[in-house]
Amino acid sequence: MGTFTPFTSIAETRRLLRSKELSPVELLESLDQRIAAVDPKIGAYIERDLETAKKEAAAADLNKPLGGIPIGIKDAISVAGQPLQSASRILDGYNAPYDATAVARLRAAGAVPFGRLNMDEFAMGSSTENSAFQLTRNPWDTGRIPGGSSGGSAAAVASGTALATLGSDTGGSIRQPAALCGCVGLKPTYGRVSRYGLIAFASSLDQIGPLTSTVEDSALLMNALAGRDPHDSTSLELPDEDFTAEIGKDLKGLRIGVPKEYFVDGMESGVRSAVDAAIKQIESLGAEPVEISLPHTEYAVAVYYIIAAAEASANLARFDGVRYGRRSNEAKDLASLYAKTRAEGFGREVKRRIILGTYVLSSGYYDAYYLRAQKVRTLIRRDFDQAFTKVDAIVSPTSPETAFRFGEKTDDPLKMYLADIFTIATNLAGICGLSLPCGFSNRDGVDLPVGLQLLGRPFGESRLLRIGHAYEQATEWHKRRPVL
Amino acid sequence: MSTDAPHHAVDVPYLARLARLELTQEEIDLFGGQIGRILDHVEQMNKLDISGIEPTAHAISVFDVIREDGVTESLPKATILENAPHNANGLFLVPKVLD
C-alpha cells in the first residue's frame, strides 16, 4: 500500500497517483492520519469529513489536472452539504447548500475538498485569534499566532497536514499568514476568481486564492480557479491562461521595483536583512532592481479600515436570525430578535467593525469618511499604475514582523491593523500579490519564517509566479520544515 | 493600549441601534475609546488635497454586466428552509410583528 509523505508537492503527488504508486484513497487516509497525529498541536482544522472525501477520492479522474488531490478549505468558502460558519457562532447549524464556484472548479479539475480550516471570525483579523472555535498555532513556535485571517489554511500547509488549501484575502489574509507560517500564498487580481459562495466580508476587496508549499503548486491551483462566473458579476471574462507557462523562464530583463515607503524604520531587523538578501538574489538571477515610490502608502491603513468596515457592516446585515444560522431564544419581538441574535452570535472584533462601519456610512459622516476614503483609494491605485509603467513587479516584505505571541495585540485593534501595512494597498488597488518564504528571523531565540511579497499589475499573476519560482529554485528556504 | 482619551467621540448606543446590535455597557465603553482612536488615526487623510479626484468603488472597473434573461434552476425550497432556525408551511417563522 502506498503512503503519502508530508510536504510532497502537488506536482510530485500527481505523478505518484498517475503511476499508481499511490491511490487517491490511500493518499487521503494517510493525510487524515497525519492530521490526527499533528493537528492537535496546531489546531488548523475545525473538522473534516473523511467518509465523504473518500467516496469522492475513489471516483476521482486521475487524468484531470488535480485528479485525486485533496484540498483544505477555509471556513468562509462553501462546500455543498458541509457545515460553513466563517468561524462565527452566528452561523451555528448552517450547512452550505451549494458549492462555491472556486470549489466547483477545483472539483471539475479532479480535486477533492477535504477539511474546514480555522480563521478569524468573518475573516476580520491578522492572527486567527478572533475565531469563535479555537486558537491556531504557528507550526514554528506554538506560542505564536499563525497570522490571519487564513491562519488555518497557512498552518495546515506549513505543518504538512494539507498539500494545498484555499484562503481568502481582503487586506492580506492569504499573504500574511503564508509569510508567518513559511508557505506560498497568492492573492489573485480582483475579478480573477469568482467570489460566489465565499461569505462576504468586504466585497470590493475580497478575493479567493491558493496556499501551497511551492510556487508551481499555486500556478496549478490557479489554472483550476481562474475564470468568469455568471454568478459573480465582478469576475472577468479573460482569455484562458496557463499559469505555469512562465514557470522555468529566467529573470533576464525584468525590472523589479523596490518601493522606498516599504523599507522604513521600525521593521524587525531580521525581516529587513532577509528581504534585502532576497532582492540581491533576484538581481543575481538577472532582474534589475529599481527604486520606486508609492507616495500614498501611509494612508492605506486608514482608507482600508474605513472601506472594509463600511462594506462589512452592510454585508453582515444579513445575519439577523431569520433565514439561517443562530437565533436568540431571548427575543420578544422582531426588533429584539435581530439585536439579541447579533449580540449573541458575533464576537468582539466583528461588533467593533460593524459599529465603525455604521458610523462612517451614517448621515453626516459619509462624505468625511467613506467618500474621502474612496477618493484616497484612487490615489493609491494611481501610485501602482504609475509604478507599473516603469517596472514588471514590485518587491517588499509581506509583513514588517514575524509571528507575534498570542495576546500581544488583542487589546489594541489599531496596533493589530497596522500589522497589515504592506498587504492592504494591494487589495485597495485590486492588483495581484504573491508571498513566498525568503528566510528566517531570530526572534526571542526562535527562528521564524520571513515572507517576500511580489506585487504585479492587474492580471499579471503568471509573471509573479515566474519570478517567485526562479527565486525559490535558487534558494532552500521552502525546504526547511518545522519540528513538530 | 493607549490610555489617552481620543479626540473623536462616537455615540456608540445610537450606532448600535442603527446596526440592530445589542451591546453591553462594557462593550459600549470599550468600543467608544477604541473607535475614537481609530478615527484619530484616520484623520491623517485630511492632509491630502482630494479636490477633483474621482472616488474608486471597485479597483477593476466593470460596467453594465448584463446576463441573458433566461430561466435557470434555483436551489430547492426545502434545501434553503433546512437552514432556517424556525420554519413551517414553506415559510420562515418570526415573532409576531403586528398585534
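Predicted model: local features only at pLDDT ≥ 70, side-chain atom pairs only at ≥ 80, totals over all residues.

Mentor: Residues are numbered from 1 along each chain as its sequence is written, chains are lettered from A and ligands numbered from 1 in the order in which they are written, and side-chain values use heavy atoms, with hydrogens and water left out.

Trainee: How many cavities of 30 Å³ or more are there?
Mentor: Rolling a probe the size of a water molecule over the atoms shows where empty space is left. On a 1 Å grid over the protein atoms alone, a cavity is a set of points where a 1.4 Å probe fits but cannot get out, and lining residues have an atom within 4 Å of a point. Grid points are joined across faces, edges and corners, and a volume is the space filled by probe spheres set on the points. With a cut-off of 30 Å³ or more, the count of cavities is seven.

Trainee: Which strand gives the most to the lining of the largest cavity?
Mentor: The largest cavity has a volume of about 210 Å³. Of its 19 lining residues, the closest to the centre are A:Val79, A:Gln82, A:Pro113, A:Phe114 and A:Gly115. Helices (H or I, at least four residues) and strands (E, at least two) are DSSP runs, numbered from the N terminus. With four residues, the top contributor is strand 3 of chain A.

Trainee: What volume does the second largest cavity have?
Mentor: Its lining has 13 residues, and nearest the centre lie A:Ala158, A:Gly182, A:Cys183, A:His478 and A:Arg481. The volume of the second largest cavity is about 90 Å³.

Trainee: From which domains does the lining of the largest pocket draw at least three residues each?
Mentor: A pocket is an open set of points with protein on both sides within 12 Å along at least five of seven lines. The largest pocket holds about 460 Å³ of space, and A:Tyr94, A:Tyr98, A:Leu198, A:Ile199 and A:Arg318 lie nearest its centre among 22 lining residues. Taking bounds from an automatic or database domain assignment, the lining draws at least three residues from each of domain 1 (10-254 + 391-479) and domain 2 (298-374) of chain A.

Trainee: Why does B:Gln44 count as buried?
Mentor: B:Gln44 sits in the loop between helix 2 (25-42) and helix 3 (77-81) of chain B. Leaving aside neighbours within four places in sequence, B:Gln44 is in contact (heavy atoms within 4.5 Å) with A:Glu298 and A:Tyr299. Buried means under 20% relative accessible area, exposed over 50%, and partly exposed in between, with a 1.4 Å probe and protein chains only. B:Gln44 counts as buried because its relative accessibility is 16%.
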